Amino acid sequence: MTVVPRRTVLRAALLGLAVAPAAACGPALVTTRPRLTHGVASGFPRTDGAVIWARSDRPATMIVETAATERFTDVQRFTGPALTPETDGTGRLRLTGLPADAEVHYRVTLDSEGTLSEPLTGVFRTAPTSARDVRLIWSGDVAGQGFGINPDIGGMRVFRTMAERNPQFFIHSGDTAYADVPIPETLPLPDGRIWRNEVSEAKSAVAQTLDQYRGQHAYNLSDAHYRYFNAHVPQLVQWDDHEVINNWYPGEVLDNDKYTEKRVDVLAQRGHRAFHEWQPLEPREAVDGRVYQRVSYGPLLDVFILDMRSYKDPNSPNRQQHGAILGDRQTTWLIDAMASSKAVWKIVANDLPLGLVVPDGKTDFEAVANGDNGPPLGRETELAHILSQLKARQVRNVVWLTADVHYTAAHEYSPARAAFADFDPFWEFVSGPLNAGAGKEAVLDGTFGPRADFVHAAPADQQSPLDGYQHFGQIDIDGGSGDLTVTLCDAAGSALYTRTLARV
């Protein structure tokens with residue numbers, strides 16, 4: 001009998017290969033049908049369809065069928081792209097021509113030279129054209145700080161919990177994978193417990209090659225709860241830093257012995273390619289062909305997805321006269337797009353927080369705030385410009401959502417408390433992580449007058465996912481009144497905080 005190591009089994013599963021012991025008598029059985037290796041997923045729903053994603057274990061054509069029920073009568077058939085090694089076997093298809101505000105069941109089949117795979121099914125709801133109740137959830141930060149798929153607790157169960165809330169869609173606020181953080185087989189905890197991980201070759205070292213970056217996303221989708229979630233909840237996906245490396249910025253050159261490739265721009269190109277291959281999104285739909293875009297979900301909601309990574313200034317004390325977190329083009333787009341929006345609520349998905357001080361080393365800062373509580377400097381000047389323009393153009397009902405800091409919080413921003421007062425009051429809600437190390441509470445910078453209405457952050461000795469500081473947020477918009485309710489939840493789905501905001 002040949003014993004196959006657990007690492008080899010999972011690595012083979014990630015690559016979509018069959019693993020079998022050497023046969024004692026005769027050759028091993030080899031399957032000839034193509035196989036969908038990491039489930040199916042949907043994303044970026046519109047009134048007439050959504051993006052469908054899948055991955056094949058060999059060159060094949062992606063076939064998608066839709067129907068009004070799971071019985072798949074009156075099927076509508078769509079022929080998708082060829083899935084080839086050039087894209088790591090991944091591919092996506094934008095479905096169109098479907099009815100608005102409808103539950104759509106879909107199934108994906110692979111066709112490899114006339115041989116069909118077993119189908120996999122999923123479901124999503126198209127966006128409405130009239131006012132109706134809307135539910136969305138958001139969070140971020142998956143498999144960080146060495147906390148991966150733990151078989152002792154059944155894997156990443158939070159994804160099943162979120163799916164059971166039956167949201168219309170999920171905003172993934174970044175850090176969809178931790179390419180710079182290896183996953184060890186065991187991780188000692190401060191109280192003497194041991195966290196165990198499923199492991200893979202790609203997660204055994206920091207990612208530098210394209211295949212290693214691809215393996216980060218493949219690892220996460222080896223979790224059954226994550227695959228279930230992907231099949232049942234459409235996603236709006238954005239990136240932050242860990243899809244490449246912690247706290248990176250354009251033009252950075254590393255001083256890090258773990259990396260043989262020191263040019264972050266090279267690593268970012270590889271990380272971004274893997275991200276776009278493995279997520280249910282169509283980069284051509286973004287304004288710049290990457291991430292940032294507006295997603296309309298009926299008359300009550302527009303979502304503005306930001307990219308606060310690709311155009312930011314180098315990390316520094318962040319107190320220069322002017323600075324950039326979005327860059328000129330994205331800043332102008334955001335102001336104009338929000339001003340032109342006819343939706344009641346404008347949700348901004350910001351992958352970095354606005355008022356929380358996020359250090360990068362001893363003197364530099366990673367996000368918007370610089371910690372001085374004074375008039376806008378550095379990247380704060382760009383946010384000040386955005387906020388003042390939204391006020392001048394009378395853009396109402398704005399809510400900002402983020403993750404990044406690995407805890408959950410509600411922040412109310414008011415010009416009455418601020419060093420810079422040319423803006424309308426607004427709320428920012430923070431949620432995370434999903435399956436990563438929990439974070440301690442960060443300091444709020446007073447430039448824009450934030451007040452912490454609620455915080456659920458971990459003590460220094462309770463940062464593992466076992467300690468109860470994993471989070472997601474939920475937003476419900478009432479189709480009748482148009483009011484918006486935010487609920488901050490723990491990983492079990494228990495409500496920790498609720499706040500209803502009346503439409504203006």
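Helix α7 (residues 380-392) gives the second largest cavity the largest share of its lining, three residues. Helices here are DSSP runs of H or I with at least four residues, strands are runs of E with at least two, and both are numbered from the N terminus. Before going on, note that this is a predicted model, where local features need pLDDT of at least 70, side-chain atom pairs count only at pLDDT 80 or more, and totals for chains, interfaces and linings use all residues. Residues are numbered from 1 along each chain as its sequence is written, and side-chain values use heavy atoms, with hydrogens and water left out.

**Empty space**

Rolling a probe the size of a water molecule over the atoms shows where empty space is left. On a 1 Å grid over the protein atoms alone, a cavity is a set of points where a 1.4 Å probe fits but cannot get out, while a pocket is an open set with protein on both sides within 12 Å along at least five of seven lines; a lining residue has an atom within 4 Å of a point. Points are joined across faces, edges and corners, and a volume is the space filled by probe spheres set on them. By this rule there are two cavities of 30 Å³ or more.

Here are the spaces with their linings, where Ala, Val, Leu, Ile, Met, Phe, Trp, Tyr, Cys and Pro count as nonpolar, Asp, Glu, Lys and Arg as charged, and the others, Gly among them, as polar.

| Space | Volume | Lining residues by kind |
|---|---|---|
| Largest pocket | about 550 Å³ | nine nonpolar, eight polar, six charged |
| Largest cavity | about 80 Å³ | five nonpolar, six polar, no charged |
| Second largest cavity | about 60 Å³ | nine nonpolar, no polar, one charged |

The largest pocket holds about 550 Å³ of space. Of its 23 lining residues, Val358, Pro359, Asp404, Val405 and His406 are the closest to the centre.

Around the largest cavity you'll find Trp53, His217 and Tyr226, among others. Both α3 (210-220) and α4 (224-232) supply at least two residues of that lining. As for the second largest cavity, its lining includes Leu306, Met308, Glu382 and Trp400.

Which two residues does a cis peptide bond join? They are glycine 432 and proline 433, with omega at about -10°. Proline 433 sits in the loop between β21 (426-430) and β22 (450-456).

Glutamate 113 isn't a glycine, yet its phi is positive, about 55°.

Glutamate 113 is exposed at 83%, whereas aspartate 175 is buried at 1%.

Aspartate 265 belongs to helix α5 (residues 264-278) and is partly exposed, with a relative accessible area of 43%. Leaving aside neighbours within four places in sequence, aspartate 265 is in contact (heavy atoms within 4.5 Å) with Pro250, Gly251 and Glu252. Proline 250 is 15 residues away from aspartate 265 in sequence, but their C-alpha atoms are 6.1 Å apart in space.

Definitions and conventions. Buried means under 20% relative accessible area, exposed over 50%, partly exposed in between (1.4 Å probe, protein chains only).
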